[in-house]
Each structure stands twice: as structure tokens, then as C-alpha cells.
Amino acid sequence: MKAKNVLIAPSILSADFARLSDEVKRIERAGADWLHVDVMDGHFVPNLTIGPVVVKWLKKYATAPLDVHLMIDNPDKYIPAFAKAGSSFLTVHWEACTHPKKTIDLIKKCGCKAGMTIRPKTPVQKIAPYLKYLDLALVMTVEPGFGGQSFMPDMLPKLQWLRQRISQGKLSCRLEVDGGINLDTVLPAVQAGADVLVAGNAVFGEPNAGRALKKLRQRAMS
């Protein structure tokens with residue numbers, strides 16, 4: 001994989017929600033490729049964040065693709081609303097899908113690109129049958145539900161395994177990593193095969209977001 005193909009998707013979970021439109025503009029000026037949006041329902045994960053209304057307002061101010069991660073139960077019920085709100089990518093958890101292929105089809109029918117992910121304890125092989133249908137496969141390197149957690153290096157073999165399957169099948173599916181991505185962890189994640197990096201505090205938590213993004217890119221290419 002060529003380093004120039006690595007994209008960075010700052011997570012708005014680490015943004016100042018009282019100044020969300022300004023934060024979106026700040027991070028886009030800094031050079032963000034995508035905006036990662038963490039949706040939590042208080043059931044599938046213990047935390048509670050945002051719904052389609054916030055995504056709709058993000059879309060009003062954002063020009064970068066909205067990479068929406070649905071950490072929710074019964075995702076099929078809410079996919080149309082999140083799609084209508086302006087999501088570019090909708091990523092669901094394999095564990096939350098009764099019929100994963102039908103959920104993928106629904107996402108695409110609603111006009112979005114489809115992603116799938118798993119909890120750290122779930123075997124990565126569970127999403128293997130769906131790679132050929134996916135636009136995005138996401139490996140969680142923290143437990144879903146909270147920002148600011150430490151990177152779990154024992155998840156790197158999942159990235160390696162998926163990269164091998166994607167390459168062998170010559171699939172167009174991108175491979176995303178989410179959780180604890182910073183200057184210390186970005187290179188191992190890219191070396192393991194990730195080509196989309198979700199970063200929260202490592203970007204939004206820095207006064208100079210442009211400098212932070214530049215450093216992440218440089219480390220990814222080193």
C-alpha cells in the first residue's frame with residue numbers, strides 16, 4: 001500500500017460541541033480527508049451521543065465526506081434517517097445485524113457507501129464473507145463507546161488479516177482503524193494495512209490542527 005493513499009478522518013467526538021460548525025471548518029482547513037462521526041445509542045454501547053439531526057447540521061457546514069459509525073442496536077431502523085441527513089459512509093457493527101448482507105444492501109439502497117466493523121473481542125473472520133460487498137472495513141483498536149482510550153496493539157493482526165484478504169481478492173474495500181491513533185500508534189497501524197485513520201484527541205485536542213494532521217501524515221509515510 002502506498003502511503004499517499006492514507007486518509008485521515010478526525011473524529012468529532014473530540015470536538016468542542018458548543019462550537020461544532022467552527023470546529024468542522026477548522027479541521028477541514030487543516031486538511032482532514034473525511035469527518036468521522038460516532039453515533040452511540042446507550043444500548044449497544046454504554047454511552048449516548050448524537051442522532052440524524054446533528055448529522056444533518058454537520059452536512060450543512062462540512063464539505064468532506066461524513067464517515068458515520070453506527071454503534072447502535074437495530075441499525076436497519078435508523079439507516080434511512082442517517083442517509084437522508086447526509087452521511088457519505090454508514091458503518092454498522094456485525095454484532096448488531098440480524099442479517100448483515102441485507103443491512104449492507106439497505107445502506108447502498110439509501111445512497112451511502114457501506115462499512116462494517118466488529119468489537120475487539122469478535123473474531124475478524126466474522127466479516128470476511130461481506131468484504132466483497134463493502135466499501136469500508138473498520139477495525140476497532142479500543143472498546144467502542146468512549147473516546148480517549150489507549151490503543152490495543154493486539155488488534156494489529158486483524159488489520160493484517162483483512163489487508164491480506166482485500167489484496168488477494170483485489171477488492172476496492174478501504175481498511176479503517178479507529179481508537180487511540182496518535183503519533184506513537186499511526187505507523188504500526190499503517191504498516192499493518194490501514195489506509196483510513198480515525199484520530200480524535202490527536203487532532204481536535206491540538207491548538208494547531210493543521211500541524212497535528214501534517215505530523216500524522218509524515219509519521220504514516222515514514
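Guide: Happy to! A salt bridge here is a side-chain nitrogen of Lys or Arg within 4 Å of a carboxyl oxygen of Asp or Glu. Keep in mind that this is a predicted model. In it, Arg19, Glu23 and Arg26 are linked in a network of salt bridges.

Visitor: How far apart are the closest N and O atoms of Arg26 and Glu23?

Guide: They are 2.8 Å apart. Both residues sit in helix H1, three residues apart, which is about one turn of the helix.

Visitor: And is Glu23 buried or exposed?

Guide: Glu23 is buried, because its relative accessible area is 5%, and buried means under 20%.

Visitor: How many salt bridges turn up in the whole structure?

Guide: A search finds six. One of them joins Asp105 and Lys101, at 2.8 Å from N to O. Those two are four residues apart in helix H4. Asp105 is partly exposed at 36%, and Lys101 is partly exposed too, at 29%.

Visitor: Which parts of the chain does the Asp195 and Arg163 pair link?

Guide: Their salt bridge has its closest N and O atoms 3.3 Å apart. The pair links distant parts of the chain: Asp195 is in the loop between helix H6 and strand S8, while Arg163 is in helix H5, 32 residues apart. Asp195 is buried at 7%, and Arg163 is buried at 17%.

Visitor: New topic! Which residues have the most contacts inside the largest nonpolar core?

Guide: Leu70, Leu90, Leu159 and Leu197, in a core of 65 residues. Helix H5 gives the largest share of this core, five residues. In soluble globular proteins, nonpolar side chains tend to be buried together.

Visitor: What does Leu159 touch?

Guide: Leaving out residues up to four places away in sequence, its contacts include Val139, Leu175, Val177 and Ala189. Another core, of seven residues, lies apart from the largest one, and Leu7 and Phe89 are among its members.

Visitor: What about the surface, which residues make a nonpolar patch there?

Guide: Val53, Trp57 and Tyr61 make one of about 320 Å². Tyr61 belongs to helix H2 and is partly exposed, at 33% relative accessibility.

Conventions: Residues numbered from 1 in each chain as written. Predicted model: local features only at pLDDT ≥ 70, side-chain atom pairs only at ≥ 80, totals over all residues. Heavy atoms only, no water. Core = buried A, V, L, I, M, F, W, Y, C linked by side-chain atoms within 4.5 Å. Buried < 20%, exposed > 50% of the residue type's maximum accessible area, 1.4 Å probe, protein only. Contact = heavy atoms within 4.5 Å. Patch = residues over 30% accessible without salt bridge, like charges linked within 9 Å, V, L, I, M, F, W, Y side chains within 5 Å. Areas by Shrake-Rupley, 256 points an atom, 1.4 Å probe, with all protein chains shown as cover.
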